Amino acid sequence: MSWHLFAVFFVSTFFISATPGPNMLLAFQYGMNYGVKRTLWTLAGLSLGLFVLLLSTLLGLDVISRQSPWLLTIIKAVGAAYLIYLGVSSWRDAGDGSLMSDAKELSAEVAADYAASDGAPSTPQPRSLSSAATKIAPSNMTLFRTGVWVSLSNPKAILFFAAFFPKFINFSAPLWPQYFLLTIGLFLSETIWQIVYTLGGKKLASWLDVGNRLAWLNRGCGVIFIIIATALLAEVINSFMI
């Protein structure tokens, strides 16, 4: 992998990671409710879950590239179609919802869980991938497990990685050095934004909820998905012409 290609990968993932997905929304909610120090346990859980998904995807691509190269071409084509779908969906749904309203709605759902437990102290299970923080501060291990659970409970992440990564991997070159760079780049961008959402989640949410800022952020990600999908399709078509 050339440094130019890695730079394109990092910029793309950094921009995509900025969108308020499940992991970022969890960091945002827990940062506001439990503080930065306690939320670090959740960030560690999110990172572990992300690493498991990432490793599973890379190992799968590695086996396929060595044993069934023809299947890799199919994965690229299907992945391109999936990225186009994500791009169109991101553009069309860009104006739906807001960070603050979503956090308030989820917090109300968790509060209802506590009311249903007759006041007994307990930790309700997350009701969605972006489950809101609870009023009773859980233990550090509960925060950690919640982070792992939220990260692993998003099976679409594996589909996204399988669709996204082939554009940035040269399968005719040694793979593990490239996997290492991809992992470092992804974790760096994810960690930076998790910390940003944890430290300044409320201010960031307020800024994004002004006008169409959040909508244009999602639309920008949609454009990135479509550009990468187009490049993947070009590779697939070129492989048939050789």
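Student: Which element of the protein has the lowest mean pLDDT, and which the highest?
Tutor: Helix α5 (residues 99-116) has the lowest, 50, and helix α3 (residues 36-67) the highest, 88. Here pLDDT is the predictor's confidence in each residue, from 0 to 100, and helices are DSSP runs of H or I, at least four residues long, numbered from the N terminus. Over residues 117-135 the pLDDT is below 50. Where pLDDT is low, the predicted coordinates should not be read in detail.

Student: What ground rules apply to the numbers?
Tutor: This is a predicted model, in which local features need pLDDT of at least 70 and side-chain atom pairs count only at pLDDT 80 or more, while totals for chains, interfaces and linings use all residues. Residues are numbered from 1 along each chain as its sequence is written, and side-chain values use heavy atoms, leaving out hydrogens and water.

Student: Why is the pair of Phe 6 and Phe 10 called stacked?
Tutor: Rings of Phe, Tyr and Trp (its six-membered ring) pair if their centres lie within 6.5 Å; planes under 30 degrees apart count as stacked, over 60 as edge-to-face and the rest as tilted. The centres of Phe 6 and Phe 10 are 6.5 Å apart and their planes are at 25 degrees, so the pair is stacked.

Student: Why is the pair of Phe 160 and Phe 161 called tilted?
Tutor: Their ring centres are 6.1 Å apart and their planes stand at 55 degrees, so this pair falls in the tilted class.

Student: How do you know whether Phe 6 is buried or exposed?
Tutor: Buried means under 20% relative accessible area, exposed over 50%, and partly exposed in between (1.4 Å probe, protein chains only). Phe 6 has 15%, so Phe 6 is buried. Phe 10, at 22%, is therefore partly exposed.

Student: What makes Glu 190 count as buried?
Tutor: Its relative accessibility is 13%, so Glu 190 belongs to the buried class. Glu 190 sits in helix α8 (residues 175-208). Leaving aside residues up to four places away in sequence, Glu 190 touches Ser 17, Asn 23, Met 24 and Leu 50, where contact means heavy atoms within 4.5 Å.

Notes. Helix = DSSP H or I, 4+ residues; strand = E, 2+ residues; numbered from the N terminus.
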